[in-house]
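Here is a short briefing on a protein and its ligand. Look over the sequence and structure first, then read on.

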Amino acid sequence: MKLSILYFSKNGHTKEMAEVIASGMKSVQGIEVGIFDLEHIDDEFLAESKAVVFGTPTYYANTCWQIKKWFDESRNYKLEGKIGSVFATADYAQGGADTAILTIINHLMVKGMLVYSGGSALGQPFIHLGAVALKENFEQSKPMFEVFGQRIASKAIELFASKEL
Ligand SMILES: Cc1cc2nc3c(=O)[nH]c(=O)nc-3n(C[C@H](O)[C@H](O)[C@H](O)COP(=O)(O)O)c2cc1C
């Protein structure tokens, strides 16, 4: 089963975390992951993906404009019925990463995606709206991002695997 991660990253932090999420996803049997920056999306792979994770740096306590622009021009990308999840990187805990995530979740809803974070239902690590990595504990956040990827992949298998048979 294919899963995609789409991100924008100017300085590499968001890209690095996309790769950690991918590694978590790949720990689930039968999962193939495509990681794409917004400029180099494999449209066919994305169309076949059962879940799409979006990653953004936090800009001015919100998503970066590059992600917003992508959604505004995404008319030809059919994302409905796919799982949609979000993560963000930020410099500061009070810097607005949750708002960045929620802005993207708004867009996922408009696209008809099935928004999923795992929530608190799965216990530790608690991931409420989406995974967040801050500058001050960037490296320590990686195991949580790995689990985030695992949870999304497991949910995709649970929801979609039998339909592929
Ligand atoms: C234009 C701009 C605005 C930013 N605004 C915020 C902000 O509001 N809050 C915050 O915590 N970090 C802010 N940052 C820091 C980035 O979110 C953070 O360094 C992020 O990890 C960068 O991701 P990247 O390395 O993938 O580009 C800003 C950075 C830039 C360049």
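Predicted model: local features only at pLDDT ≥ 70, side-chain atom pairs only at ≥ 80, totals over all residues.

How many residues surround the ligand, and which are the closest? 16 residues surround the ligand, and Ser9, His13, Thr14, Thr58 and Thr89 are the closest.

Residues are numbered from 1 along each chain as its sequence is written, and side-chain values use heavy atoms, with hydrogens and water left out.

**Polar contacts** (pairs of N or O atoms within 3.5 Å)
- His13 places a polar side-chain atom 2.7 Å from an oxygen atom of the ligand.
- Thr89 also has a polar side-chain atom 2.7 Å from a ligand oxygen atom.
- Lys10 uses its backbone: an N or O atom there lies 2.9 Å from an oxygen atom of the ligand.

**Burial**
- Taken alone, the ligand exposes 650 Å², and the protein buries 78% of that. These areas come from the Shrake-Rupley method with a 1.4 Å probe.

**The shell**
- Helix H1 (13-26), strand E3 (51-59) and strand E5 (83-90) each give two or more residues to the shell around the ligand. Helices (H or I, at least four residues) and strands (E, at least two) are DSSP runs, numbered from the N terminus.
- E3 gives the most, with 3 residues.

**Domain record**
- An unreviewed UniProt entry places the feature "domain: Flavodoxin-like" at residues 3-153. Such annotations may be inferred rather than shown by experiment.
- Over residues 3-153 the chain is 36% helix and 24% strand.

Methods
Near = heavy atom within 4 Å. Polar contact = N/O pair within 3.5 Å; in protein donor to acceptor, adjacent residues only side chain to side chain.
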